Amino acid sequence: GTPSVPLRRPRVSIARFRAHGTWLDHASTVPDSKPSPKTFVRATFSKKNGGFFAEEDLAADKPDWVEPISTDYRGVRVFELPPNGQGISALQLLNVMETFDLKRMGRDSTAFWHTFVEAKKLVYEDRARFVADPGFYKGSQASVDWLLSKDYAKERAKLIDPARAAARIEAGHPGLGASDTTYLAVADAEGNMVSLIQSNYSGFGSGYVLDGCATLQGTYTFF
């Protein structure tokens with residue numbers, strides 16, 4: 001057979017990246033013996049070598065083992081990494097596009113590309129509003145479940161006008177919990193103000209009725 005050819009590891013590795021509009025080259029001398037990835041990263045990007053991180057920042061960093069998120073697109077299960085990554089947007093886009101007859105449109109048709117671009121507008125607006133680091137935003141998982149629901153995709157797809165490009169897109173509105181208290185305050189330019197709180201607590205209010213009056217007390221029972 002063909003004899004194997006030994007490969008030599010280069011002694012110098014270059015990390016080139018863009019920062020503040022300027023291309024920066026950082027070189028790190030790497031010995032021929034196998035360096036650990038952690039050692040390489042610390043030596044290359046630490047502040048003492050012109051980077052933006054202290055070695056303590058890199059030493060304290062640790063990866064998270066996460067469960068993938070997925071959706072079914074026309075019978076094919078597609079997986080992505082969950083937030084704080086942005087793979088959820090790709091899954092959302094598949095859900096929205098699934099609601100259209102793309103085969104009838106044709107791959108190179110104006111209708112297909114118009115629908116695709118408008119769907120991306122909707123998805124990216126949701127990404128900017130709802131996709132966050134679950135380590136800091138405790139409602140992240142609820143947002144994931146809601147954003148990936150097929151019903152939500154159908155709701156968003158209805159906003160796409162097949163004859164007109166949207167000049168303005170708004171993020172979706174997650175449903176409120178069954179027992180949530182809702183408060184809003186509104187003021188206009190003339191100084192008129194309205195303060196409103198809805199705290200029904202349960203479907204039938206407190207269960208108390210005033211003597212001689214058919215009015216049901218709407219607030220919850222502890223008041």
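Of the 223 residues of the protein chain, what percentage count as buried?

Tutor: The model is predicted: local features need pLDDT of at least 70 and side-chain atom pairs pLDDT 80 or more, while totals for chains, interfaces and linings use all residues. Residues are numbered from 1 along each chain as its sequence is written, and side-chain values rest on heavy atoms, with hydrogens and water left out.

Of the 223 residues, 24% count as buried, where buried means under 20% relative accessible area, exposed over 50% and partly exposed in between (1.4 Å probe, protein chains only). The chain holds 7 helices and 6 strands; these are DSSP runs numbered from the N terminus, helices being H or I of at least four residues and strands E of at least two. Their order is β-β-α-α-β-β-α-α-α-α-α-β-β.

A nonpolar core is a set of buried Ala, Val, Leu, Ile, Met, Phe, Trp, Tyr and Cys residues joined through side-chain atoms within 4.5 Å. The largest one has 14 residues, of which Val 96, Met 97, Phe 100, Leu 102, Ala 119 and Ile 160 touch the most other members. Helices H3 (87–98), H4 (102–105), H5 (110–130) and H7 each supply at least two residues of this core, and H5 gives the most, with 4. Apart from neighbours within four places in sequence, Ala 119 is in contact (heavy atoms within 4.5 Å) with Leu 93, Val 96, Met 97 and Ile 160. A second, separate core of 11 residues includes Phe 130, Val 144, Tyr 152 and Ala 171.

In general, an α-helix has 3.6 residues a turn, so residues three or four places apart point the same way.

The accessible surface of the chain, from the Shrake-Rupley method with a 1.4 Å probe and, for residues, only the protein chains shown as cover, is about 16700 Å², of which 57% belongs to carbon and sulfur atoms. Leu 196 lies in strand S6 and is partly exposed, with a relative accessible area of 41%.
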